[in-house]
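Please have the viewer open while I talk.

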Amino acid sequence: MTSRNSSDDRSSTLRHLVSIDDLTNEEILEIFAIADRISKDPSEFVSICPGQILASLFYEPSTRTRLSFESSMQRLGGGVISAADMRASSASKGESLADTVRVVSAYADVLVLRHPREGSANVAKRYARVPVVNAGDGSHEHPTQTLCDLYSLKVEKGRIEGLDVVLTGDLKYSRTIHSFVYALARFGANLVCAPQPGFEMPDYVIHRLKEQYRVEPHRVEMQDLSSIAPRMDAMYFTPERPHQLSLFTDIREVNVKKFDAVYVTRPQRERYSEAEKITNANAYFRVDRLALSGAKFRETVVLHPLPRVDELGYDLDEDPRSIYFQQAARGVPVRMAVIGMLLGKFNFPAAAVEPRARISARVRTTIECNNQNCITESERRYLNPEFVLASREPLCLRCVFCDAERVVEFVGCSSTRHYHAGASSEVNRIKAENLVAFATEEEAIAAGFTAAAIRGAGQTPA
Ligand code: NCD
């Protein structure tokens with residue numbers, strides 16, 4: 001396969017915010033410290049970015065995210081250029097995302113991108129000559145919303161570690177949930193996932209929670225949550241830290257004394273298949289005063305990234321437990337801190353400014369990403385699918401753009417030129433750099449590989 005994918009040398013040294021994992025925990029805390037200072041005395045920050053420009057490229061609707069980014073840049077003394085509806089831009093004439101990003105890089109010092117396809121921000125950062133902020137890419141991630149969510153929890157509860165946080169609603173397509181659970185796990189919170197039936201957390205997110213953050217998932221029956229989601233099947237995720245709850249082997253004994261937070265999400269209907277629209281037409285759960293009347297919710301803060309539809313009762317607006325409007329308001333100081341950080345305006349601890357390399361070696365393959373909404377689907381004129389190894393048993397690849405995982409049916413070894421079934425234990429013997437993944441046996445044969453004889457034990461890796 002020819003390599004059409006290219007990255008610009010200059011862009012590889014830039015700092016971007018595409019995933020919440022582009023920030024270390026120390027950096028996140030530093031962003032919060034700066035946001036605290038901004039909230040106390042915004043006048044100190046009015047001349048941080050004079051003469052600099054933020055460009056908003058929004059291929060999907062937005063109110064809070066776009067306006068709070070633009071407000072933030074203006075409050076830092078910078079200017080804003082805004083493509084609030086990319087349908088009115090050259091994208092509608094068929095311009096590629098890569099070309100748009102290259103061009104707008106010459107007009108601005110930082111790009112804020114929202115796009116309906118998963119992995120789009122990862123593509124944008126390859127072609128941009130300035131920092132890119134992911135303001136939501138399909139159902140994948142929304143890291144700056146997570147910063148607002150986490151900051152709100154920290155301000156209201158004084159800590160994140162050890163909190164019991166209930167995540168409700170559409171956990172499948174809510175990008176805010178995906179970035180948020182990674183961050184909560186990293187900071188040692190316990191996650192209680194209470195999905196709308198049929199809209200459970202995607203496997204790739206659960207896999208990453210387990211593999212990367214060492215959280216232990218358990219299926220639990222939790223009567224306490226029945227007032228929120230009567231038909232739900234809750235999942236409890238316990239990080240390595242704090243340790244106390246990890247001690248439970250029979251998870252049904254887990255008795256959460258009180259819920260510290262409930263994070264409510266709307267049905268992400270714009271991402272639903274036709275079948276899902278029917279499944280979810282009625283009976284989406286609802287959080288209101290009645291649902292939160294139990295003793296365990298007495299000190300529960302209620303978060304929502306907004307906009308709300310019917311899943312969050314208006315009767316909660318005056319309830320002191322509701323913090324969703326403060327959460328939205330905090331978007332300004334938090335995003336001011338993010339912009340300043342990406343433009344090198346604040347002194348972040350030297351050790352922490354190293355870009356976090358999450359990317360491991362690419363696996364050679366001819367297969368496509370099986371996420372129909374991956375950016376590689378719509379930008380295939382110049383973009384090839386790329387994968388890294390997600391796990392060996394079963395052999396599973398992860399798309400470097402959208403993070404979707406795909407189990408591989410056939411695997412070749414470039415050294416022996418043999419191929420094996422992906423589920424075969426023989427695959428464990430192949431060194432990562434020699435792996436070649438195939439969607440079908442015919443593809444392996446067409447590429448010149450031959451079926452492997454069953455090997456005996458004790459042979460060295462190929
Ligand atoms: C969220 C989004 O766009 O993902 N909104 C936001 O940025 N505050 C949540 C949503 O649309 O449901």
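In which loop is the place of Leu306? In this predicted model, Leu306 sits in the loop between strand 10 and helix 10, and its phi is near 65 degrees, a positive value in a residue other than glycine. The peptide bond that runs from Leu306 to Pro307 is cis, with omega near 10 degrees. Leu306 counts as buried because its relative accessibility is 12%, which falls under the 20% cut-off.

Arg214 also has a positive phi, near 55 degrees, and this residue lies in the loop between helix 8 (203-213) and strand 7 (216-220). At 46% relative accessibility, Arg214 counts as partly exposed.

Turning to the helices, the axes of helix 2 (residues 25-40) and helix 11 (residues 331-342) come within 8 Å and cross at roughly 120 degrees, and the two are therefore oblique to each other. The crossing is right-handed, and the residues that meet include Ile31, Ile34 and Ile38 from helix 2, with Val334, Ala337 and Met341 among those from helix 11. By class, this contact of helix 2 with helix 11 has ten nonpolar residues, one polar and one charged.

Finally, the sheet: five strands form an open sheet in the order 11-17-15-16-18, with mixed pairing, and its edge strands are strand 11 (364-365) and strand 18 (450-451). Within that sheet, strand 15 (residues 410-413) pairs with strand 16 (residues 418-421) in the antiparallel sense over three bridges, and Gly412 has Tyr419 in strand 16 as its bridge partner.

Definitions and conventions. Residues are numbered from 1 along each chain as its sequence is written. This is a predicted model: local features need pLDDT of at least 70, side-chain atom pairs count only at pLDDT 80 or more; totals for chains, interfaces and linings use all residues. Side-chain values use heavy atoms; hydrogens and water are left out. Axes are lines fitted to C-alpha atoms, for helices over the stretch in contact, and angles run from 0 to 180 degrees between N-to-C directions. Helices (H or I, at least four residues) and strands (E, at least two) are DSSP runs, numbered from the N terminus. Angles under 35 degrees count as roughly parallel, over 145 as roughly antiparallel, 65 to 115 as roughly perpendicular and the rest as oblique. A crossing is left-handed if the near helix is turned anticlockwise from the far one by less than a right angle, and right-handed if clockwise. Contact means heavy atoms within 4.5 Å. Ala, Val, Leu, Ile, Met, Phe, Trp, Tyr, Cys and Pro count as nonpolar, Asp, Glu, Lys and Arg as charged, and the others, Gly among them, as polar. Two strands pair if DSSP finds at least two bridges between them. Buried means under 20% relative accessible area, exposed over 50%, partly exposed in between (1.4 Å probe, protein chains only).
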